[in-house]
Amino acid sequence: MTAKEHKTLSDDKRKKRSSKTSEQSDEIGNCWSSLFYVFHVYWSQTIFTAAFGLALLYMTVLGFDGIAIGYGRSQGLSATWLGILRSIGSACGIAGVLSYTAFETNIGVRRTGLIGFTTQQLALYVCIASIWLPGSPFDPYNYFSELTLPIWLDQFKDAFRFAPMNRTEVVTINWSRWTSNGHSIISVFTLLMGIAVARFGLYMADLSITQIMQETVPENQRGTVFGVQDSACQFFSVLKDVMVIILPDPRTFGALIIVSVLFVLSGFLFYCYYLIKTRHQSVTQITKETSSVTPESSPVMLSSDSSDTADSHTGDMTDTSQSSIPLLSGGGTVTRTS
């Protein structure tokens, strides 16, 4: 191989590498552009604040998932009563769906969502009150005073370790004193009842926002908007799991309840902002439409009466004739009587 051929081959390899690098850079740039585009489409929607408020509801431990059930189990509730409380929560959710249909038909979807959020808020305040009821393990001061890095690492590892349930354990609940094996269950029972009742409002709010999104988002953008919406919901759900991993002790579960209620309250405020913003836009639009309407021109009727009476030698004779002339400018007619 001559030096000239070797140089040509090296130039070809260099061009291929530069071309490949350029293609990779273009692909990365296109990915960022696409990502920015989908978020811009989601953010530019009128329903954005309400939809984002719905996504914030996923940042909560106040649901009948493994977190709340595990906490209830650690506080002395039996599997039977945990199942009963979950059934009550499901019944409240079904009642919320049925009530949504009735409310939406009579007062509209926007007010129905407001009622749903308000009902959920009131129920979750009961969950906050349960933190300070008898039997609550909430004690963050002692937890953080005793916490060291090795202890936290052991708890962090335990979060990923599978522990089979002890089915031979006998749970005895004394309902006259509201205790389970001598431990008060007033706090945990109140907490789970609040979670169950809150599902009534949660389902109403969820259905309301979903319907508003389906009605307001343009058809060619629904896939993008709902895709970003689902991603936002899953992001906050994962963030909730990370928060539980960081604070896994039952003594800090009260702090998780407070954080969850704050996120739900933020979602409620986002929805209220959406209602205020869209109501202002509706009032402005109605005002513009009203001001653009001009009163219709009323027909103009002009009449003149004239009587020509001629006396003849045969007697009095009155000759009366009428003719109508259209008015081009006013849209009416001039009636002339002669």
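## Close-up views of a predicted model

View 1. Lys240 is buried, with a relative accessible area of 8%, where buried stands for under 20% relative accessible area, exposed for over 50% and partly exposed for the range in between (1.4 Å probe, protein chains only). This is a predicted model, in which local features need pLDDT of at least 70 and side-chain atom pairs count only at pLDDT 80 or more, while totals for chains, interfaces and linings use all residues. Residues are numbered from 1 along each chain as its sequence is written, and side-chain values use heavy atoms, with hydrogens and water left out. Lys240 forms a salt bridge with Asp65, and the closest N and O atoms of the pair are 3.3 Å apart; a salt bridge here is a side-chain nitrogen of Lys or Arg within 4 Å of a carboxyl oxygen of Asp or Glu. Because Lys240 lies in helix H9 and Asp65 in the loop between helix H2 (48-56) and H3, the pair ties together parts that are 175 residues apart in sequence. Helices (H or I, at least four residues) and strands (E, at least two) are DSSP runs, numbered from the N terminus. Asp65 is partly exposed, at a relative accessible area of 27%, and a network of salt bridges links Asp65, Lys240 and Asp241.

View 2. The side chains of Glu146 and Arg251 meet in a salt bridge at 3.4 Å, N to O. Since Glu146 lies in helix H6 (residues 140-146) and Arg251 in the loop between H9 and H10, this pair ties together parts that are 105 residues apart in sequence. Arg251 also meets the side chain of Asp249 in a salt bridge, at 3.1 Å, N to O. Asp249 is buried, with a relative accessible area of 16%, whereas Arg251 is partly exposed at 23% and Glu146 is partly exposed at 48%. The structure holds 4 salt bridges.

View 3. Pro250 is placed in the loop between helix H9 (222-246) and helix H10 (253-291), and it counts as partly exposed at 31% relative accessibility. Leaving aside neighbours within four places in sequence, Pro250 is in contact (heavy atoms within 4.5 Å) with Tyr71, Ser74, Gln75 and Pro137. The C-alpha atoms of Pro250 and Ser74 are separated by 8.0 Å, although these residues stand 176 residues apart along the chain. In helix H3 (residues 66-74), the buried residues include Ile67, Ala68, Ile69, Tyr71 and Gly72. Gly76 follows H3 and has a positive phi, near 105°.

**View 4. Gln121 in helix H5.** Gln121 lies in helix H5 (residues 109-129) and counts as buried, at 3% relative accessibility. When residues up to four places away in sequence are not counted, Gln121 touches Val264, Leu265 and Phe268.

**View 5. A nonpolar patch at Val97, Tyr203 and Leu207.** These three residues, Val97, Tyr203 and Leu207, form a nonpolar patch on the surface, with about 200 Å² of accessible area together. Patches are made of residues with over 30% relative accessible area and no salt bridge, with like charges joined within 9 Å and nonpolar side chains (Val, Leu, Ile, Met, Phe, Trp, Tyr) within 5 Å. Leu207 is found in helix H8 (residues 186-216) and is partly exposed, with a relative accessible area of 31%. Accessible areas come from the Shrake-Rupley method with a 1.4 Å probe, and for residues only the protein chains shown count as cover.

**View 6. The cysteines Cys92 and Cys127.** Cys92 is buried, with a relative accessible area of 17%, and Cys127 counts as buried at 0% relative accessibility. The structure holds 0 disulfides, a disulfide being a pair of cysteine sulfur atoms within 2.5 Å.

View 7. The secondary structure comes to 10 helices and 8 strands, and buried residues make up 31% of the 338 residues in the protein. The accessible surface comes to about 21,200 Å², of which 61% belongs to carbon and sulfur atoms. Among contacts between residues at least 6 apart in sequence, 77% join residues at least 24 apart. The protein averages a pLDDT of 79, and 70% of the residues score at least 70, pLDDT being the predictor's confidence in each residue, from 0 to 100. Over residues 293-338 pLDDT stays under 50, and the model has 47 contacts beyond four places in sequence for this stretch.
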